[in-house]
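Welcome! Let us take a guided walk through a protein model, one stop at a time. Please have the picture ready as you read.

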Number of protein chains: 2
Amino acid sequence: LPHATIRPVILSGGAGIRLWPLSTPERPKQLLALAGERTMLQMAAQRVCDESLFEAPWVVTSARLADEIEAQFASCGLREPTLILEPAARNTAPAVALAALEAAAQTLLLVMPSDHLIRDTDAYIAAVTSAAPHARDGWMVTFGIAPDRPETGYGYIKRGAPLSPGLWRAERFVEKPDLETAQAFLAGGGHDWNGGIFLFSAGAYVEALERFAPDILASVRQSLAGAARDGRRISPDAAAFAACRSQSIDHAVMEHSDRIAVAPVSMGWSDLGSWDSLYETGAPDGEGNVLAGEVLALDARDCLLRSEGPLLVAIGVEDVSVIVADGAVLVVKRGQAQRVKEALGLLDQARAARGSGPQ
Amino acid sequence: LPHATIRPVILSGGAGIRLWPLSTPERPKQLLALAGERTMLQMAAQRVCDESLFEAPWVVTSARLADEIEAQFASCGLREPTLILEPAARNTAPAVALAALEAAAQTLLLVMPSDHLIRDTDAYIAAVTSAAPHARDGWMVTFGIAPDRPETGYGYIKRGAPLSPGLWRAERFVEKPDLETAQAFLAGGGHDWNGGIFLFSAGAYVEALERFAPDILASVRQSLAGAARDGRRISPDAAAFAACRSQSIDHAVMEHSDRIAVAPVSMGWSDLGSWDSLYETGAPDGEGNVLAGEVLALDARDCLLRSEGPLLVAIGVEDVSVIVADGAVLVVKRGQAQRVKEALGLLDQARAARGSGPQ
């Protein structure tokens, strides 16, 4: 084989609401310009635009986002992606299986979320290219992020025996530990966050599924056998895919295989998982405020103040995030942004009780 | 003379912006429903709708608000008002002079702002009827409000010798004292806030103007001589009125005459002069929040949360006022609402610097 290039597989099916009111099911986080001029998806695609290293990306998403995704690729001159349109949301194991079964077995797939921030693209690409030989040898490589806080919302990977400089055997996956455990991981070292970025050959992933989740593989294979293909869009059979079990790639494969490696990378990563993390990754002004849009801050301190349109004036407030979107306004104490989901649940309940149906 | 009724004169020319973003020059405070279903103007007119005591009101306002004012009277079945349309804003002394010169000299005028809250209408009307005989005797009666804090933004009236039960000669007017003085007034007693509500005969006011501000009287007389009259609308001559000096009724007359009486009334008064006072006059829920519009509060405490349309979600914040209006959002620490004016000034400067002109 000549020096093979890598196929980026961008997972873009998420419909997260933790960045409500900006993100909505109709306009999920990856389609928003949250950290600069470009959307998260555009930034994800631009990281892998070097044609000497990467093929044009495949994007696994849903049909309702397809037009917008193609438009976002076109508007910044990115190579046209192939879209694999999930007929239903079945979490990451089936989503990645769609790509792995479409690809030739020896193809290296770089699987990545479309809605995470990576500030240091060079470090990211260097880690990917350095891990590629191991992936060709059959290792499934995950890229770990050094924890800087005892986060209980993420998965952790424990490093085992070293495989080569910068690469360790993954000894154990721990999903969302309690605070005490997370604090011990942070204090003891040797644990990295699982950022959901993977490099492996299509064949290695299919083999692992065959062994650890054969039902998922069978359903996805059947849905692809009945797929409709229209230009650069692939629409797997809906009934077969709907019958598939919903499971994450971590639970389905990573936690079971003994051929998992972890490559910790310091790459300025954030999942932008809440308005709090958006504040933390922002560039604060002299008063500690992170501002976006038409905003006036008068004696406001350490605030995230963001408007998509209407004028926002903040006076005398501290440690507050204010998000003004079309049709809704969120005001949340910094540090409590994870509660947005809870608030939206209450709203849905209230709306259901009023008979106007869920949000 | 038979028992004469009283002519309400409602001053409705204000274009205050302290309740921005709800109040704007196009939709000033008096035209907004800030404390209940009715607008401040409607509530002011309803207080004086007893036909056995009051004539149909005269409203002194500007031409651009005339249609909306007539519509607001009509929509709640109030008697049709006569509108006196100020060609320019010249403060209260000329505004009241317009009404006083239109009225017969012996007519009692009850002059009142259109944008203040009075919760206890009975106490208000009782004070007015009880003061009426003194007004017929030539006294100019002001209705004072007992201070409950050392407010530095109001005028104070010092009570002098008692004239009758509930009525004192006004010994001195003090406009916007410094904090130390206001604290002394509060501690020492005998001082009331000047609420801008007056009862006097048209003739007494004209005589006082003749003596203390003859130029104002002359300008207003000339503007009325050239007035256009169209149904219930009176439009004084613009050039003559524009030439008039701008002065408050307090500075022009009240501070100089020795025939001023003060009737302190406990009537649940608030000028609703800022979002802070709107919070204070509101009905807080169990968490101390005053809510209006489509609002969800989750662990918010002691907040004013108000939306004119968009959904507002507040999580974990305390002592904050959030006002969501069409096209703008204000977030202000409670206690700092007076700074809205400062913020709007900064916005005007910024807009002027960008070349898009003042707000």
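Is A:Leu291 buried, partly exposed or exposed? Before we settle that, a word on the ground rules: this is a predicted model, in which local features need pLDDT of at least 70 and side-chain atom pairs count only at pLDDT 80 or more, while totals for chains, interfaces and linings use all residues. Residues are numbered from 1 along each chain as its sequence is written, chains are lettered from A and ligands numbered from 1 in the order in which they are written, and side-chain values use heavy atoms, with hydrogens and water left out.

Now back to our residue. A:Leu291 has a relative accessible area of 39%, so it is partly exposed (buried means under 20%, exposed over 50%, and partly exposed in between, with a 1.4 Å probe and protein chains only). A:Leu291 belongs to strand β14, residues 290–292 of chain A (strands are DSSP runs of E with at least two residues, helices are runs of H or I with at least four, and both are numbered from the N terminus). Setting aside neighbours within four places in sequence, A:Leu291 is in contact with A:Asp285 and A:Leu305 (contact means heavy atoms within 4.5 Å). From C-alpha to C-alpha, A:Leu291 and A:Val322 are 9.8 Å apart in space, although 31 residues separate them in sequence.

Compare that with A:Ser248, which you can find in the loop between α8 (238–242) and α9 of chain A. Its relative accessible area is 11%, so A:Ser248 is buried. The side chain of A:Ser248 reaches the backbone nitrogen of A:His251 at 3.1 Å. Beyond its neighbours within four places in sequence, A:Ser248 is in contact with A:Asn91, A:Thr92 and A:Ala93.

In helix α1 (residues 40–47), 7 of the 8 residues are buried, so the helix is largely enclosed by the rest of the structure. Those buried residues are A:Met40, A:Leu41, A:Gln42, A:Met43, A:Ala44, A:Ala45 and A:Arg47. They pack against several elements of chain A, among them β1 (6–11), α2 (66–75) and α4 (121–136). Helix α6 (residues 202–212) of chain A has buried residues too, including A:Tyr205, A:Val206 and A:Leu209. The cover over the buried residues of α6(A) includes α3 (92–102), β6 (140–145) and α7 (214–225) of chain A.

Over in chain B, strand β1 (residues 6–11) has 6 of its 6 residues buried, so this strand is largely enclosed by the rest of the structure. B:Ile6, B:Pro8 and B:Ile10 point one way, while B:Arg7, B:Val9 and B:Leu11 point the other way. What are the neighbours of β1(B)? It pairs in the parallel sense with strand β4 (residues 108–113) of chain B over 6 bridges (two strands pair if DSSP finds at least two bridges between them), and B:Pro8 stands opposite B:Leu110 there. Strand β2 (residues 58–62) of chain B also runs parallel to β1(B), joined by 3 bridges, with B:Ile10 opposite B:Val59. To get from β1(B) to β2(B), the chain passes through helix α1 (residues 40–47) of chain B, and this β-α-β crossover is right-handed (with the strands pointing away from the viewer, the path from the first strand over the helix to the second runs clockwise).

Our last stop is where the two chains meet. There, 31 residues of chain A are in contact with 31 residues of chain B. The area buried between the chains is about 2600 Å², of which carbon and sulfur atoms give 69% (buried area is the accessible area, with a 1.4 Å probe, that two parts lose on being put together, summed over both). A:Leu311, A:Ile315 and A:Val331 supply 23% of the area that chain A buries against chain B, more than any other three residues.

How many salt bridges does the rule find across this interface? There are 4 (a salt bridge is a side-chain nitrogen of Lys or Arg within 4 Å of a carboxyl oxygen of Asp or Glu). B:Arg339 forms a salt bridge with A:Asp299, with the closest N and O atoms 2.8 Å apart. A strand pairing also links the chains: β19(A) and β17(B) pair in the parallel sense over 5 bridges, and A:Ala328 has B:Leu311 as its bridge partner.

Terms used:
Polar contact = N/O pair within 3.5 Å; in protein donor to acceptor, adjacent residues only side chain to side chain.
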